Amino acid sequence: MKKGKEMAEQEAPIFRMQKMYIKDFSFESPNAPQVFLERNQDPKVDFNLQVKNTKVDNDHYEVSLLITAKVQDKNNDDRVLFIMEIEHAAIFILKNIPEEHLARVMGVDCPLMLFPFTRQIVSQASVDGGFMPFLMEPINFVALFDNAQKQKQAAN
């Protein structure tokens, strides 16, 4: 009986974040210090998010959130307040997960675990850059994944 239990434990799916890290980061405020002296700013945000994943070895995958945010002042000829780019990544252990579920785990579950930490880094960087916290709205990774799958199917 013990062998059966050990085999079941060995085959049980394992999904765990092992390590988080910043792969790339850039913060620019090309119009400082003038932007800090202007009143009645009306920020407009150009925001882009991508999810990237790479197989490291049989059980380890790197999942990255690539974010670019460009914030401009609509009231001042779209003067750039700041531009932030980050690639925030994590190594995940994904073991004994059926192949048909792997893409969804890396496209939805992994980014859901990583995003709150990415959001905090981005917010703190904007504050450290002299601006109000840049608070990213929650991201619907399920919808992003489903849309990407539909686009893939339409392309085939």
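Is S26 buried, partly exposed or exposed, by its relative accessible area?

The model is a predicted one, in which local features need pLDDT of at least 70 and side-chain atom pairs count only at pLDDT 80 or more, while totals for chains, interfaces and linings use all residues. Residues are numbered from 1 along each chain as its sequence is written, and side-chain values use heavy atoms, with hydrogens and water left out.

View 1. S26 belongs to strand β1, residues 14-28, where helices (H or I, at least four residues) and strands (E, at least two) are DSSP runs numbered from the N terminus. With a relative accessible area of 22%, S26 is partly exposed, a class that falls between buried (under 20%) and exposed (over 50%), using a 1.4 Å probe and protein chains only. Apart from neighbours within four places in sequence, S26 is in contact with I83, M84 and E85, contact meaning heavy atoms within 4.5 Å. T68 is 42 residues from S26 along the chain, and their C-alpha atoms are separated by 9.4 Å.

**View 2. The hairpin of β2 and β3.** Strands β2 (residues 43-55) and β3 (residues 60-73) run antiparallel and are joined by 13 bridges; two strands pair if DSSP finds at least two bridges between them. Four residues lie between the two strands of this hairpin, and F47 has A69 of β3 as its bridge partner.

**View 3. The largest pocket.** This pocket has a volume of about 290 Å³, the volume being the space filled by probe spheres set on grid points that are joined across faces, edges and corners. A pocket is an open set of points on a 1 Å grid over the protein atoms alone, where a 1.4 Å probe fits, with protein on both sides within 12 Å along at least five of seven lines, and its lining residues have an atom within 4 Å of a point. The largest pocket has 13 lining residues, with V51, N53, G107, F145 and A148 nearest its centre. Two or more lining residues come from each of β2, α2 (99-128) and α3 (141-155), and the largest share, six residues, is that of α3.

**View 4. The second largest pocket.** About 160 Å³ of space lies in this pocket, whose lining includes Q41, F82, F131 and P133. Strands β2 and β4 (79-95) each supply at least two of the lining residues.
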